[in-house]
Protein chains: 2
Amino acid sequence: MSEVIQKTKLAKQAASTLNSLTTAQKDEALLITAEALIANSDVIIAANEEDLVRGRENGTSSSLLDRLALNHDRIRSIAEGLQQIVELPDPVGDILEQMDRPNGLHIVKRRVPLGVIGIIYEARPNVTVDAVGLCLKTGNSVVLRGGSSALSSNRKIVEIIHDALATTSIPSHAVQLIEDPNRSSVDEMLKLNGLLDVVIPRGGSSLIQNVVQNATVPVIETGAGICHTFIDESADLEMSTAIAINAKVQRPSVCNSMETLLVHETFAASHLNEIAQSFREAGVELRGCAKTKEIVEWALLASDEDYATEYNDYILNIKVVHDMDEAMAHIARFGTKHSECIVTENRSHAERFQQEVDAAAVYHNASTRFTDGFEFGFGAEIGISTQKLHARGPMGLPALTSSKYIIDGHGQIRQ
Amino acid sequence: MSEVIQKTKLAKQAASTLNSLTTAQKDEALLITAEALIANSDVIIAANEEDLVRGRENGTSSSLLDRLALNHDRIRSIAEGLQQIVELPDPVGDILEQMDRPNGLHIVKRRVPLGVIGIIYEARPNVTVDAVGLCLKTGNSVVLRGGSSALSSNRKIVEIIHDALATTSIPSHAVQLIEDPNRSSVDEMLKLNGLLDVVIPRGGSSLIQNVVQNATVPVIETGAGICHTFIDESADLEMSTAIAINAKVQRPSVCNSMETLLVHETFAASHLNEIAQSFREAGVELRGCAKTKEIVEWALLASDEDYATEYNDYILNIKVVHDMDEAMAHIARFGTKHSECIVTENRSHAERFQQEVDAAAVYHNASTRFTDGFEFGFGAEIGISTQKLHARGPMGLPALTSSKYIIDGHGQIRQ
């Protein structure tokens, strides 16, 4: 039996125990795990050093090495993440619907754990602990397949989690780490229907596309964000500049940052030059359509490929549009259904834009950077779903649950 | 451009119009369509006759021909199905959550249509109209791929629907029928990410498995049901007999009928013979474990393959179990997570069974045959989901919707 099948079977066995635990039992186990991680910071840092040495030998970029690196502060903050999950309400057991039928059947729709969740992710070892916390809190087992560049760190972290859980009500087997660094172990996970209830990819777009294209197990697709801000004719100059700059430069590397600015031609004629200057001062390279270049001569010319690119960087596309319809058509063509924004003083334009634009989050007069589980008040975030089934937008703990109908009768049979 | 891509693109264009229609506009269009179907019964019956002739020539079984056949009564009842959908509340636009954030952002989570729904189904032409009604009511376009044996009927029905819609607010393009009878047209639909938002298979298990195994588009899996009834030690004899007989014979061909009866050994020693006799009188073939055969000598011996088979027929597996744990272990191994039942007078057993058994619907003292959108009071049924994501159990109209966050600000930017 392969490592993947063996470990997923153990996770599935543990899931049926987890399913019956109380919130208090799960919370206690998470707190004990958090303490164990802090208490074992030194050994985690030593294991992480092995990954860093290997990374340097392999010529890994310094920014990736920085994301991989752990120190006492980072481990403390990872452990605090677990403690924050403990504070959140447990969605499992919640009653979602209740029906008393004319035949006397009492039907209750109740939230239940999904079962076994597979997480396929890249280098950052903090995802390991975060995923464990979110899955265990919602009564799910988790099968982790992290990137090989963090294998030593992940192995040590999971070892510490296993030892900690052994003293709690949560079976250690509820957390499994796939250590096989070959791509084939990912492919195997993606076909484990009946053992894995869902796979969640967390990482770059090639990782996500591989999962979406090859999984027969249900997937929650997260991440890709080509987000737009449309500055309408009636927009306030100061507000639209502030929102556009924030959406691009406050943190360009994340999925809810803006990639393309759409500007109404009348507004552009008066103000685009000034806004472009603000971007230039913020160090942003601009790529625009022909009309943009008439106003902002120093901008590069944007291609369709540019409009279809998630830069996650200090690069911005600009397109001058004739009206809101042209803006919405551009979004329909190039958007990834993540976050879109209109800046306007025209209430009926805002309403139409919010109604017609097909995206997880549609903003009026606010930065797309707010699409985030914490900003929405969920207290946690598993990711941002860009699909329409099951969960859409920022996902809190309920996204890791399913439901079940529990029906009580007294001998009813169907006529 | 292939037929599939061309028609799905048209459906997608129509979806953005549909998305903005009012409930009254959609309802009016459905009523006009229902009237048109009744008014054109004769031409539908003539087209259906072509399918029946072809079916007879190809040696189609009489039961399949019966399912395929349309007459005035059946067409009237199909049209009434549309009228019933009109009576149901429209879930689109419902507010699911609302948050006012400390920074002043007002966030509303609203139900929206999924977009374009693909339905892949087999012979019965009533599914064509049913799917159109459910999808249009929820503001979705629909791409239908019915079985080739009903092609003439489906083509005529869709032609009538197109003509009827042309006089309404719903664009005719919102309903598309794929006429290519080759399997390749199904395969093409399954990969249309970005054009199709979800595919729902309706039919036998080989059709469903093909979709699940090959789709990269999200799927709502429906249908397969290996359902169990467990008669516990303390069960009432009369109630358990009535429930077991009903679960098997009231309509054996459907997914929520029982395939395996699990009987506590103490109860079996006293009563299994009598229950078996009732099944014999109902014309049910019994296949049992060794212990069953000790009590019911005339039963055949059941294999593991039998326990894993959805008969949809007058055949029942029986297994005598030592206790509820063995019953639950059997269900975990052979069940399809559809509907499971415990008959017991022991309340704590019932609660544990309902908590631990992993299925869409778990019954205490009632027949599994109640797992049905109409019996649950939904007034419609798209199918019964046996997956855990998005929708589980009988699916009413809300299962054909997604959600969207609509966020209003006054210039908020992220710090």
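A salt bridge here is a side-chain nitrogen of Lys or Arg within 4 Å of a carboxyl oxygen of Asp or Glu. The model is predicted, and by this rule it holds 54 salt bridges over all chains.

One of them joins D187(B) to R183(B), with the closest N and O atoms 3.3 Å apart. Both residues belong to helix α8 of chain B, which covers residues 183-190, and because they are four residues apart there, about one helical turn separates them. An α-helix has 3.6 residues a turn, so residues three or four places apart point the same way. D187(B) is partly exposed, at 29% relative accessibility, whereas R183(B) counts as exposed, at 51%; the cut-off for exposed is over 50%.

In chain A, E259(A) pairs with K248(A), and their closest N and O atoms are 3.1 Å apart. E259(A) sits in strand β8 (residues 258-264) and K248(A) in helix α10 (residues 237-249), eleven residues apart. How accessible is E259(A), buried or exposed? E259(A) has 0% relative accessibility and therefore counts as buried, the limit being under 20%. K248(A) is likewise at 0% and buried.

A further pair in chain A is E265(A) and K291(A), whose side chains meet in a salt bridge of 3.6 Å, N to O. E265(A) is partly exposed at 28% relative accessibility, and K291(A) is partly exposed at 36%.

Salt bridges also form a network with members in both chain A and chain B: D197(A), K337(B), D358(B), K388(B) and R392(B) are linked in this way.

Turning to the layout of chain A, the domain assignment gives domain 1 as 3-222 + 391-408 and domain 2 as 227-370. The C-alpha centres of these two domains of chain A lie 36 Å apart. An unreviewed UniProt entry annotates residues 4-281 of chain A as "domain: Aldehyde dehydrogenase". That span is 53% helix and 16% strand, and its end C-alpha atoms are 51 Å apart.

R111(A) is part of strand β2 (residues 106-113) of chain A. R111(A) and S402(A) are 291 residues apart in sequence, yet their C-alpha atoms are 5.8 Å apart in space. Which residues does R111(A) contact, leaving aside its neighbours within four places in sequence? They are P91(A), V92(A), G93(A), D94(A), L96(A), P398(A), T401(A), S402(A) and S403(A). With T401(A) there is also a polar contact between side chains, at 2.9 Å.

In chain B, helix α14 (residues 324-334) shows how burial is arranged around a helix axis. Its buried residues are M324(B), A327(B), M328(B), H330(B), I331(B) and F334(B). Seen down the axis of α14(B), these residues fall within an arc of 155°, so they line one face of the helix. The face turned away from the buried side carries the exposed residues A332(B) and R333(B). What lies over the buried residues of α14(B)? The cover includes the strands β7 (227-231), β8 (258-264), β11 (315-321) and β12 (339-343), together with the helices α13 (304-307) and α15 (347-356), in chain B.

Definitions and conventions
Residues numbered from 1 in each chain as written. Chains lettered and ligands numbered in written order. Predicted model: local features only at pLDDT ≥ 70, side-chain atom pairs only at ≥ 80, totals over all residues. Heavy atoms only, no water. Helix = DSSP H or I, 4+ residues; strand = E, 2+ residues; numbered from the N terminus. Buried < 20%, exposed > 50% of the residue type's maximum accessible area, 1.4 Å probe, protein only. Domains from an automatic or database assignment. Contact = heavy atoms within 4.5 Å. Polar contact = N/O pair within 3.5 Å; in protein donor to acceptor, adjacent residues only side chain to side chain. UniProt positions renumbered as here; feature names shortened; annotations may be inferred. Arc of directions from axis to C-beta.
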